[in-house]
Amino acid sequence: MRKSDLPAPTKGDTPLAKPRKITKKVRAAIDALIAGKARTHEEAAAIAGCARESVSRALKRPEVLEEIRLQVERQLKGKTLARAAGKLDQLIDANSENVAFRATELALGLNGFQPPQRGTTVQTNVNVGWVIDLRTNADGPGQRQGDSTAGGMIIDAEPVEQGG
């Protein structure tokens, strides 16, 4: 695609901003927060050797938020996932039958084995219920609307006056 093939920018269009690089100090602050070495922006900034305001501003930028998301995802897929699997394995052998059952059910579910659904579903082609015709006798005799094979009976009734 040539540059001349692109549409000309219109008035009011803002150019897309290039994502900024994450500085070493901000990266160090992120690492401190994710590793649990720092609990606040101020502590993370002190570890990284920068101002708290710099860390606070950086944590609002999309590229920094994406980097944090990726690091947390990597951490969860690594050591944390292995630890969770080990804990689940221990729970399967728990003394409590309820805990062991629930852990086994979870492990099987995570591997695609689902218990049968509770209850029974039966589909039939039978209409159940009443059809109430609220037309007055002046509208003509009651006739069932719709499919004639659906069955049903029309019951004509006189309106009841409510006394007061």
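Predicted model: local features only at pLDDT ≥ 70, side-chain atom pairs only at ≥ 80, totals over all residues.
Q: Which residues of the largest nonpolar core touch the most other members?

A: A nonpolar core is a set of buried residues joined through side-chain atoms within 4.5 Å. The largest one here has 13 residues, and those touching the most other members are Ile-22, Val-26, Ala-29, Ile-30, Val-55, Leu-59 and Val-64. At least two residues of this core come from each of α1 (24–35), α2 (41–48) and α3 (52–58), and α1 gives the most, with four residues.

Q: What does Ile-30 touch, not counting residues up to four places away in sequence?

A: With that exclusion, Ile-30 touches Ile-22, Leu-59, Val-64, Ile-68 and Gln-71.

Q: Does Arg-61 count as buried or exposed, and at what relative accessibility?

A: Buried means under 20% relative accessible area; Arg-61, at 16% relative accessibility, therefore counts as buried. Arg-61 is placed in the loop between α3 and α4 (62–92), where, leaving aside residues up to four places away in sequence, Arg-61 touches Arg-20, Lys-21 and Ile-22. A polar atom of the Arg-61 side chain lies 3.3 Å from the backbone oxygen of Lys-21.

Q: How do α4 and α5 lie relative to each other, oblique or parallel?

A: Angles of 65 to 115 degrees count as roughly perpendicular and those over 145 as roughly antiparallel. The axes of α4 and helix α5 (residues 97–110) cross at roughly 135° and come within 7 Å, and the two helices are therefore oblique to each other. The crossing in which α4 passes α5 is left-handed, and the contact is made by Leu-88, Leu-91 and Ile-92 of α4 with residues of α5 including Val-99, Ala-103 and Leu-110.

Definitions and conventions. Residues numbered from 1 in each chain as written. Heavy atoms only, no water. Buried < 20%, exposed > 50% of the residue type's maximum accessible area, 1.4 Å probe, protein only. Contact = heavy atoms within 4.5 Å. Polar contact = N/O pair within 3.5 Å; in protein donor to acceptor, adjacent residues only side chain to side chain. Axes fitted to C-alpha atoms, helices over the stretch in contact; angles between N-to-C directions. Parallel < 35°, antiparallel > 145°, perpendicular 65-115°, else oblique. Left-handed = near helix turned anticlockwise from the far one by under 90°.
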